[in-house]
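User: Please show me the model, and then take me through how its features should be read, giving the general idea before each case.

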Amino acid sequence: MPENVVESYRHARRIARVGAVCLYAMTGLLTLIMVVVVIATLRGGPSQWLSVLGLVARNTAAIVATVLLAEFLRNFRNEGSPFGRRQSLRLSAAGALLFAHTISDSLFGTTAYDVALVDGPVPISVGSWSGLDPMVVSLAVFLFCLGMVVRYSKALKDDSDSIV
C-alpha cells in the first residue's frame, strides 16, 4: 500500500477508537437514564407497568443502535478490513433501530418529569420529544444507506484485489 494510504488508515483507526469509546460511554449514560426513569415510573404503582414496558422497549432500541455503531467503529479498527458484510449489517440494523425508536416516540405521548431543586426557586421539567423527529429519521435513512455503501466498497475491494 502507498504510504499516504497507510497513514490515512492509521489515522482513521485512531479516530475510530476514540469514537467507539465515546459511543460506549453514551450507551452507559443512556442505560443509566433508562434505569432511573424506570425506577421513578414504577414508584407510581402497578398501574404504571404498561408504561414502563413501552419505555424500556423504546429506549432499548436507542441503546442497541448506539452499541451497534460503537461496534462498527471498534471493528473498523480491529478487523483486517474495515468493510464487510457484518459491518454493513451493523450500520443497517442501527438505522432500522433508530427508525423504530422515532416511530415509537411518535406513537406514544410525551413523558414529563418534574424535578424540584433543593432551595431552588424554579422547578425543572424534563420531557421527551413527541412525534417524528426529522433529524433522527434522516440519520436512520443515512445509516441504512451507508451500510449498503460499505457492502459495495467491500465488493470493489475484492474486485481490485483479484486484478492485482
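**Accessibility and salt bridges**

Analyst: Arg74 is partly exposed, with a relative accessible area of 34%, where buried means under 20%, exposed over 50% and partly exposed in between (1.4 Å probe, protein chains only). The areas come from the Shrake-Rupley method with a 1.4 Å probe, and for residues only the protein chains shown count as cover. This is a predicted model, in which local features need pLDDT of at least 70 and side-chain atom pairs count only at pLDDT 80 or more, whereas totals for chains, interfaces and linings use all residues. Residues are numbered from 1 along each chain as its sequence is written, and side-chain values use heavy atoms, with hydrogens and water left out.

User: Which side chain meets that of Arg74 in a salt bridge?

Analyst: Side chains of opposite charge can pair when their charged atoms come close. The rule here asks for a side-chain nitrogen of Lys or Arg within 4 Å of a carboxyl oxygen of Asp or Glu, and by it the count comes to two salt bridges. One joins Arg74 to Glu71, at 2.8 Å from N to O; because these residues are three apart in helix H2, about one helical turn separates them. Glu71 counts as buried, since its relative accessible area is 19%. Glu7 forms a salt bridge with Arg14, and there the closest N and O atoms are 3.7 Å apart.

User: How many helices and strands does the chain have, and in what order do the elements run?

Analyst: Helices (H or I, at least four residues) and strands (E, at least two) are DSSP runs, numbered from the N terminus. The chain has four helices and two strands, and from the N terminus on its elements run α-α-α-β-β-α. For a check on helix geometry, the expected span is 1.5 Å times one less than the number of residues; the 23 residues of H3 should therefore span 33 Å, which agrees with the 33 Å between its end C-alpha atoms. Among the buried residues of H3 are Arg90, Leu91, Ala94 and Leu98.

User: Which residues make up the largest nonpolar core?

Analyst: A nonpolar core is a set of buried Ala, Val, Leu, Ile, Met, Phe, Trp, Tyr and Cys residues joined through side-chain atoms within 4.5 Å. The largest has ten residues, namely Ala65, Leu68, Leu69, Phe72, Leu91, Ala94, Leu98, Ala140, Leu143 and Val150. Helices H2 (49-78), H3 (85-107) and H4 (134-163) are the elements that give two or more residues to this core, with H2 giving the most, four residues. Apart from this core lies another, of six residues, including Met34, Val37, Leu55 and Ile63. Within the largest core, Leu68 has contacts (heavy atoms within 4.5 Å) with Arg90, Ala93, Ala94 and Leu97, not counting residues up to four places away in sequence.

User: Which residues make the nonpolar surface patch?

Analyst: Patches are made of residues with over 30% relative accessible area and no salt bridge, like charges being joined within 9 Å and nonpolar side chains (Val, Leu, Ile, Met, Phe, Trp, Tyr) within 5 Å. Here Met26, Leu29, Leu32, Ile33 and Val36 make a nonpolar patch of about 450 Å². Leu29 lies in helix H1 (residues 3-42) and counts as partly exposed because its relative accessibility is 44%. Leu29 and Ile63 are 34 residues apart in sequence, yet 9.4 Å apart in space, C-alpha to C-alpha.
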